[in-house]
Each structure stands twice: as structure tokens, then as C-alpha cells.
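Please read the following report alongside the sequence and the coordinates.

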Amino acid sequence: MKYSISTAIICLSVAFAGNLVSVSAQAKNTISDDKFRQLDEILPTPNVYRTASGAPGHKYWQQQVDYDIEIKLDDKTQQLTGSETLSYQNNSPDTLRYIWLQLDQNKLKRGSDAKLSKSTQPLKKVTYRGVRNMIESPKFNGGYEITNVTASNGKPIQYVINGTMLRIDLPKALKSGDDTEFKVEWNYQLHEQKVLGGRSGYEYFKEDDNYLYEIASWFPRAVAYYDVMGWQNKQFVGHGEFTLEFGNYDVKITVPSDHIVAATGVLQNPKKVLTKTQRKRLSKAKTANKPVLIVTVDEALENEKSRSTKTNTWHFKAKNVRDFAFASSRKFIWDAQGYQHGNSNTMAMSFYPNEGNPLWEKYSTEAIIHTMEQYSKYTFDYPYPVSISVNGPVGGMEYPMITFNGPRPTLDKKTGDKTYSRRTKYGLVGVIIHEVGHNYFPMIVNSDERQWTWMDEGLNTFLQFIAEQAWEEDYPSRRGHAAKITSYMKSDNQVPIMTNSESILQFGNNAYGKPATALNILRETIMGRELFDFAFKEYAQRWKFKRPTPADFFRTMEDASAVDLDWFFRGWFYTTDHVDIALGNIHLYTADSQNPDTEEAWQRALDNEKPEYITSFIDKGQGVRTQDKPELLDFYNEHDKFTATNAARNKYNSSNKKLEQWEKDLLLTQSNFYIIDFENKGGLVMPIILDITYADSSTEQLKLPAEIWRKNNKKTSKLLIRDKEITAIAIDAKWETADVDVNNNYWPARPIKSRFELYKDKKEDMMRDYNEKLKSADEIEQEEEENTDS
Ligand SMILES: [Zn+2]
């Protein structure tokens, strides 16, 4: 057999080819298994309203709905009575024969779909509040009483109520480009929020016999009509919030004259409803560098004792908003501080009862301003004239310019002292950032909340995380860091993010935590901050005061960054796969020099590394025949089997002569050719981030893009040619990809550390332990949902 250089190279390449052959032999990706297949066949076809780049098309349109409302709050009966004139501008290319209004309060009617379709969990461990809600909710008969619907000429208009939807049958079809006006009158009974829950309601303070009202979804609101959905008149059963049109509001709110009112919009009649001192303080607050009290603690406590029988009408106007909410009480302390930045000129204001202090005076208004500062960096300048945080019964909920936030200190009834826990403090700062942040998503970037919870909650929770991290170093954010989502990602009871709001399982993790974390991973690990921030801001700029869909978001993120993200959105948003990339074998190849002396020596060294056969090991020193009869030994005993022959040397020398110098150099290369095998155990394809340590203690970081999985998404291998010896490898050492099992990420492997607990063998200890284990995923989810209402 002739030696030639080609055999030498073949030797080396056989090793690779063998590896590659084995890889492609496993690759039997079907279409459904192709994790890099483009999303086009899933996303809607682009058109003149929404382009393939993810921007509004040249014929994008949306409706405009303006409201003129008068509302009266009865503090004795907790009833609201109102009337509205609704002006509907039909900007669609279609003729409309009817207009749908949403009556979200009808969710609280006895026998509503929301009440009857609510399924249940086993009653093993339920909070007191939970049981009270179970008992009271079916009994309460809320919902609208619609007393009148009339045209602008005063004539009654035909209408039909179906659950939470009201259809106005227009006397005359509304043509494209035309507008129409009609009037609706109604009343309804407010509910005690702490008993029945929800996103609005009142709180009763027994100690001073006062009410605090947080009023939302309180007037019949036009249902969104848009190019993708037509009328978004899916019934309201609880989770899918509101899908609304932008418009201008003129609202007159009549309340007891000793009430303070906070509302969406700008107060039109301060001279009528505020004292001269209050107005002076307000104008001072505009340029103050810390919150100025408009109503002080003492004034609020004094006000609590008042029982005026007179009323006051607070008049507000709000431009270009999709909704309107307000709060009213005798108990409000009120502070304010102006915020001017870029195009923003805003009054940040907080309204809270004394029960909220000392927490609220310290953090609320500061957190509002912090939110606007941070969010505007990644989106657009806050465009509205006020931004309000109100403390009341609602745990956390957002409306244009006004938010309801729940956390309060706890009162020690013995000492009268108020203290707050770490959890409450960060809970308050976090919830204010979150709810004020909702001004951006979905109050301004007006996504369809009834369809997609993640589009506002996920995007907003992502920016909340960034804003929290900018509040203080190592802020204890609940959501955002990749490692915090892993236990959810590997849980069983899951649906994809792209699931309708009402069908989501593990609501908080699915619609808030997972999308927020996915975006953070895109930003930090996959795209990098520069590309991500530009694309995300482009999305916000393109769709502010417009209505985007998921496709518009996915497309814009790619369009503005030149990063193919279809695999990422496909995996993270359309499946319940998780990340678990494991380190497999590490192969070390070196070049075969073809020099028989070198190669035989190499084989000998390799042979010496093998352990001795067990029989040889035990037999050692027990005496053998050749010991007694050395004449039996010959040439082969003197030279082992790894001895080069002269014939081999001659062949090598003659074939070596035919090589070019670079080929000879390659034969002598001392480089290590490492092939590292990886296994995808979780399903999600992700970049492989390697931390490599060498024998000389130096280190190297290497990021292999997710596309390394494109030919086989279950197994892949990577060649690294290094002169130095590798002594250790770690995958995702910074825990940035949400890898659910990091124990298979290290070579050499590491011990898995944890603690065991010792306890006395008492029955109750065992029972406690046992009960802990019984706590099911469902209960955890229930707690989660109680904590996350908005
Ligand atoms: Zn939210």
C-alpha cells in the first residue's frame, strides 16, 4: 500500500466526515419539526392596512369615538347615574348598519356568562377572601340598567343587549367617512371591591365611616372596529380586558362637595372645585423638584369627618385617549410634582388615604416620574398632561393617565404604628411602575387586549423590569431575569403565549413573565441592546395611537434589525417548549503526521494510558515460563508492537518528498481539533454560549448563534481548533437563556448542591412536610392570579 499525503488528509477528514455523516443521518426534520421555518404561513397576509415590514399600511384606518358624559355618584347608595352623547366617526371603508357598545359591568349581573362559566378547583385550602367571594359573587346583581337610547333628534333608537354587548341599530346606515351621534342613559350599583374583586369598585372604611371609589368601565364604550377583527365584540368574562377606540372626552363628575376627585384628563374648573390655597400649591408643584402636598395629611383627616349634603361637579377634558377612569373620596391626601422632559409636560400626582402613609408620600409620585423617564427612553415621550397613581382597594390597574395601586403599610392595632415589609415596599414601587407603564402599552400602543394579553402585559412587564433595574442596583424584580422563568417553562400545565386571554393557564407566568423574559433574552443575548432597542422603539413609534397585532410586532422587530427572529417567535410564542441544552461528548483530534516513528510512539503513549488487564495485574510476579527460559525471548520481545519498521520509514520518506511545503507543515501541526457535541433536550433552539477554560488558566467566551441547530435541532457539534489544551467548558454560565437544567451544562461535571433538613420525629412535623408537598401547581397559580389582577 502506498502512503500518500492524500491519505493523511483523508485520515483527518474521515474523522470529521464520520461525525458529519452521523449528524445528518439523524436529521429527519419534517416541516412541522423545522424550527427555522419562516412564520409567513402562520402570520396574516400583508395588505394595504398592515405591511409586510410590520408598519401601518398606506391605507391604515381607525375609528374615532368622542364622548360627552355627565355622571353622578351617590355616596349614600353607592350608585352611579349617567348619560353620554357618543359621537362616532366612521373612518373605515365600510358602511355600518349598527354600532356595538361594551357593557363590561354586565359581567356582575346575576347569571352572567362570566359567573356561570367560571370553573373551579378542589376546595382544599382557600383564603377567607376566596370563600367570601364564592358566596357573595353569585348573589350580587350588578350590571347596567340602560334607561334610554336616543338619536340626536331625541327619537328613541332600537337596541339589543347580549350579555356584555349592546347593539345600537342605527336609524340610517353610517357610510364610510360619515359620523353619527346618539345618547345613552344608564345607572348601576357599584360593588365592594374587596368582596367581589375586579378592576374597580369601592372600599368602605369602618373606622371613619367613609368610602373610597375607584371607578372604571363605568360608561357604555364603543367596541373597537378594525381591519383584522371587524367588531371586537367577544363577550367579557374577566381576563381579556378592553379593546377601545381613541377619542376626546368631556366629562362632568358630580360628587359630594367634600370629595376630592382624580380623573383622566385636565381639570377645567379648578376655581369652582379647589380652594385658592390648593390652586396655589398646584402651580408651585409644576416646577418643584419634590412632591408638593395639594391636600395635606391634616386636611385629609379633617375632611374625613365632614358630611356635606351639597355636591360639586368636577369637569375634565381629555384628548386622544381610549378610555376614562376616575377616583373620588373624602379621604384623599393629594401630592403633585411637575415633569418636563423632551415633549413631555406633565403633572405627576398621587391620591391616597392616610392609611397609605408613610409608604405613599415617600414613593408614589417619585415612581410615576421614574416610569415616564425610563419608558420614554425605549418608546416615546409621555404625551399626556397628567399621570396619576391612586391608592384604593384595587391591587393594580391601569387607565389612560390614571392608575389604581393597592399596596399599603400594615397597622399594628395595639401600638397604632404602621410598618411595611420589604415585599410591600417593592410591591408598591413595582406595581406603580407597571400600571403607569401601561400608559405606553396598551393605552397608547393600542393592542387588542380582549384577544392578546401578552401584547400589553408582556411588553409592559418587560419595560417594568428595565425601569425597576434603573430604580436601584439589583432591584428584586419578580420577572425579567431569565433564570426566574425556568420553573414555569418546565411545568406541565401550559399553553403557548399565542393563546386567547380567556384560555390562558398560569396567567401571570404565561402572559406577563414569559413574554417579558423572552424580550429580555432577545435584548441581552440574541440581538444585543443596540439592535433590540432600536427595533423595539421603532415598533412603539410606528404604532403609538394605533392598533398593532402580534404580526406587526414580530415583523417590525426583524424589519428594523436585520435579524431573522422567526425561529425565536415560533419557539417562544407558539410552543410550550423550554430551553435545556446539554453538553455531550468532547472529542480531541490531532493530525496524523504519517511519520511512522512519531505515529508509533503516539500509539504507544495512547496504549499506556489504558488500564492493565485485570488478569495480567493479578498474575504479576507469579512467574512465567520465559522467566525461567530466557532463550524463548526474541526480537519481538525486545521491541514492542509499536516499533516503526524500516519499510514504513522508506515509504514515508518517498511520499513526503512529493508534498508541497504547506502540506508538509499541515502534517506537523500541533493544534488540537476539538469537536464538542451538544444535545437539545428542551426543544427550544437557542444560541450556545460557551465559557472555555484552558490549561494555562486563560479563558475564552464564544457565542454560537441559534442557527447552529438549523440542520438538526436535536443534536449538533462544533469544531474548535486551539493550540492550547481545554480543561473546562461551561454552557450559559451567566444563566441568560433560561436553561431549565444547568447541571448538564458543565465539563467536567459539578456536584449538585442542596441541603437536607433534620427534624424531630413528631407527627405534626411530618404532616406539615406532607401538606407542603400537596400544594399543587393549581393552588400556586390561584395565588398568582390573586396577586396579579391587572
Ligand atoms: Zn398589567
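What follows is a description of the overall fold, the side-chain pairs and some backbone details.

This is a predicted model, in which local features need pLDDT of at least 70 and side-chain atom pairs count only at pLDDT 80 or more, while totals for chains, interfaces and linings use all residues. Residues are numbered from 1 along each chain as its sequence is written, and side-chain values use heavy atoms, with hydrogens and water left out.

## Overall fold

The chain has 24 helices and 32 strands, where helices (H or I, at least four residues) and strands (E, at least two) are DSSP runs numbered from the N terminus. Its radius of gyration, taken over C-alpha atoms, is 35 Å, well over the 28 Å that the globule rule (2.2 Å times the number of residues to the power 0.38) gives for 790 residues, so the chain is more spread out than a compact globule. Along the principal axes, the C-alpha atoms fill a box of roughly 130 × 70 × 50 Å.

Of the 790 residues, 50% are buried; buried means under 20% relative accessible area, exposed over 50%, and partly exposed in between, with a 1.4 Å probe and protein chains only. The chain exposes about 38,900 Å², of which carbon and sulfur atoms supply 51%; these accessible areas come from the Shrake-Rupley method with a 1.4 Å probe, and for residues only the protein chains shown count as cover. Among the contacts (heavy atoms within 4.5 Å) with a separation of 6 or more, 76% are between residues 24 or more positions apart.

## Salt bridges

A salt bridge is counted when a side-chain nitrogen of Lys or Arg lies within 4 Å of a carboxyl oxygen of Asp or Glu, and the structure holds 32 of them.

| Pair | Closest N to O distance |
|---|---|
| Arg167 and Asp169 | 2.7 Å |
| Arg330 and Asp258 | 3.0 Å |

A network of salt bridges links Asp104, Arg221, Asp323 and Arg450.

## Aromatic rings

Rings of Phe, Tyr and Trp (its six-membered ring) pair if their centres lie within 6.5 Å, and planes under 30 degrees apart count as stacked, over 60 as edge-to-face and the rest as tilted. By this rule the count comes to 54 aromatic pairs. One of them joins Phe569 and Phe573 edge-to-face, with 5.6 Å from centre to centre and 70 degrees between the planes. These two residues lie in helix H16 (residues 566-574), four residues apart, about one turn of the helix. Phe569 is buried, with a relative accessible area of 0%, and Phe573 is likewise buried at 0%.

A charge sits over a ring if NZ of Lys or CZ of Arg is within 6 Å of the ring centre and within 35 degrees of the ring normal. The charged end of Arg167 sits over the ring of Tyr98, 5.9 Å from its centre, and Arg167 itself is partly exposed at 23% relative accessible area. The charged end of Arg750 sits over the ring of Tyr746, 3.8 Å from its centre.

## Loop and backbone details

His578, in the loop between H16 and strand S26 (581-589), is buried with a relative accessible area of 19%. Apart from neighbours within four places in sequence, His578 is in contact with Met489, Lys490, Gly682, Gly683, Leu684 and Val740.

The peptide bond from Asn357 to Pro358 is cis, with omega near 10 degrees, and Pro358 is in the loop between strand S20 (344-352) and helix H8 (359-378). Another cis peptide bond joins Trp747 and Pro748, with omega about -5 degrees.

Asp209, which is not a glycine, has a positive phi of about 50 degrees and is partly exposed at 40% relative accessibility. Gln594 has a positive phi near 70 degrees and is buried, with a relative accessible area of 13%.
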